[in-house]
Amino acid sequence: MDRVTQHNNQQAQRKAAMAVLAHAEAGEIAARLRDFSLPAHQDLRAPENGLVMLRGRVGGDGAPFNLGEATVSRAAVRLASGEVGFGYTLGRDGEKARLIALCDALVQSRDFGGAVERDVIAPLREQLMIRREQAAAETAATKVDFYTMVRGEG
Amino acid sequence: MYVAVKGGERAIENAHRLLAHKRRGDQSVPEVTLDQISEQLGLAVDRVMSEGSLYDRELAALAIKQARGDLIEAIFLVRAFRATLPRFGASEPVDTGAMRVRRRVSSTFKDIPGGQILGPTFDYTHRLLDPALAQGFVPEMPATADSSTAPTPRVTDILGRDGLIESSPQAEDGASVGDLTREPLNFPADRDLRLQNLARGDEGFLLAMGYSTQRGYGRNHPFAGEIRFGEVEVEFSAEDVGFAVPLGAIELTECQMVNQFKGSATEAPCFTRGYGLAFGQSERKTMSMALVDRALRARELGEEALAPAQDEEFVMSHSDNVQATGFVEHLKLPHYVDFQSELGLLRKLRKEFAEANAPDAMKEAAE
């Protein structure tokens, strides 16, 4: 595998992990990390709260416009082995941003990448899917089944 | 004459103390929690987020609690709060086509791909007060059904395939996105600024404006092409990370209004459209927004613009309830000096009037 492909693969993997972690509570991530033998790491950027302007598109698919802002927390963590992880999440939970950053650093690590996917990301993804399936099933029950009333004799 | 007014400090302090006491109400009644507000008064939270222009359920719930349920006051609090945080940047535009739909209805087509999905709605309720809700109500578990994975394309995309509806305007290369929180508003304003203004505009104002178009003040013959509510993913291109980072999901309501068609010697006739988008489940808001968005396109579409809803300066200058409440409510602050000068002028005018209209005898006597 060439380096570009490798880089793209890792980026896709990091993004997929972040997509799961952003939906989890800080406590859920922390609980998954509790049994994990974490390597030495330090805050590269202490958690910080700020705003991101959320954008929509005219007509849903046209030119972008500014819809309104959202609170966002972010942090960065560096492993002793050098990997730098970033954490971004909606809301103001700095600890959650830090935990996401830590996981992002672990995902990039040769030694811990597999374990963090298996012990942290995969179980959280499964929980998220269960919640989504439940919501989808509740929604599906409210779908209208039209039928035609037949009057008189055919 | 300059009159210094002092002495209000203690009264103000005690008034705020009294307010805090009134806000808490009868202390033998349990205090309402932010979770309770967020979970059980969810649509109030949605409105405060939309018009406060800040997506944060917990902050909106706190604002509602602090404002004693006065939603415009809560919106004011949220707007003030957002000024305290730095802005990291702007998100990638959200894809409402990829929404995890919780509700989706169309009044234009019965059989839309993905179906008519009612979701949690007040529609078709009888609007009878329900005494069972007064205390200790435990709802039934929601029904469930096989959730199909059939995509739910936007109705406007379906119409667009056959060219029956105008396509959405695309951004020009390198065009920046207008932001009325950063630059003062100038007229005429582009559609991006108009939509931003409407998205944070007062629901009641937009409702009245949208309603006025239906009643004939700038009629544009609308159909609710589609209303959808659900979750969309948000991504943010963080420079330090080097790719678009998933931030999580937000709830949005989108309304696609399909309006009267236009055409010309060179262009085949097609439906026109108005657009509404807001945080949370905000159906009335997005429908009104879409009606007003379409009305404000009058000039662009070569229509006569005579009605208030078609006047962008009028609409955009009066839609913001924080600005409006600021100016209306400032009238109750001390205007003693202004008023004294008016009073002085009025007395002078009255004196002149009395003299001018005095009986001739008096005038003569005076001379």
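**Exercise 1. The overall form of chain A**

Among contacts in chain A between residues at least 6 apart in sequence, what percentage join residues at least 24 apart? Once you have that, work out how spread out chain A is.

*Solution.* Keep in mind throughout that this is a predicted model.

Step 1. Take the contacts in chain A between residues at least 6 apart in sequence: 52% of them join residues at least 24 apart.

Step 2. List the elements. Chain A has four helices and three strands, and their order along the sequence is α-α-β-β-β-α-α.

Step 3. Compare the radius of gyration with the globule rule. For 154 residues the rule gives 15 Å, while chain A comes out at 21 Å, well over that value, so chain A is more spread out than a compact globule.

Step 4. The C-alpha trace of chain A spans about 80 × 40 × 35 Å along its principal axes, and buried residues account for 40% of the 154 residues in the chain.

**Exercise 2. Where the two chains meet**

Describe the contact between chain A and chain B, and find which element of chain A gives the most to it.

*Solution.* 

Step 1. Count the residues on each side: 48 come from chain A and 66 from chain B.

Step 2. Sort the chain A side by element. Those giving two or more residues are α1 (3-21), β1 (41-57), β2 (64-79), β3 (84-90) and α4 (113-140). The most comes from β2(A), with 10 residues.

Step 3. β1(A) runs parallel to strand β2 (residues 87-90) of chain B, and three bridges join them. On β2(B), B:A90 is the bridge partner of A:M53.

**Exercise 3. The largest nonpolar core**

*Solution.* 

Step 1. The core holds 93 residues, and A:L21, A:C103, B:V48 and B:V292 have the most contacts inside it.

Step 2. Helix α3 (residues 94-108) of chain A supplies the largest share, nine residues. On the chain B side, domain 1 (10-82) and domain 2 (96-120 + 151-167 + 182-325) each contribute at least three.

Step 3. Zoom in on B:V48. Setting aside neighbours within four places in sequence, B:V48 is in contact with B:A60, B:A63, B:I64, B:L71, B:A74, B:I75 and B:V78.

**Exercise 4. Backbone exceptions in the loops of chain B**

Most residues other than glycine have a negative phi, and most peptide bonds are trans. Find exceptions in chain B, and say where they lie.

*Solution.* 

Step 1. Start with the peptide bond from B:F187 to B:P188, which is cis, with omega near 0 degrees. B:P188 sits in the loop between α6 and α7 of chain B.

Step 2. B:A189 is found in that loop between α6 (155-161) and α7 (191-199) as well. With 18 other C-beta atoms within 10 Å, B:A189 is partly exposed. Beyond residues up to four places away in sequence, B:A189 touches B:R194, B:E312 and B:M316.

Step 3. B:R68 is not a glycine, yet its phi is positive, about 55 degrees. B:R68 lies in the loop between α4 (57-66) and α5 (71-82) of chain B, and is partly exposed, with 13 other C-beta atoms within 10 Å.

Step 4. B:Y124 also has a positive phi, near 70 degrees, and belongs to the loop between β3 (100-105) and α6 of chain B. B:Y124 counts as exposed because it has 6 C-beta neighbours inside 10 Å.

Conventions: Residues numbered from 1 in each chain as written. Chains lettered and ligands numbered in written order. Predicted model: local features only at pLDDT ≥ 70, side-chain atom pairs only at ≥ 80, totals over all residues. Contact = placed C-beta atoms within 7 Å. Pairing = 2+ DSSP bridges. Core = buried A, V, L, I, M, F, W, Y, C linked by C-beta atoms within 7 Å. Buried ≥ 20, exposed ≤ 12 C-beta atoms within 10 Å, placed from the backbone. Domains from an automatic or database assignment. Rg over C-alpha atoms; globule rule 2.2 N^0.38 Å.
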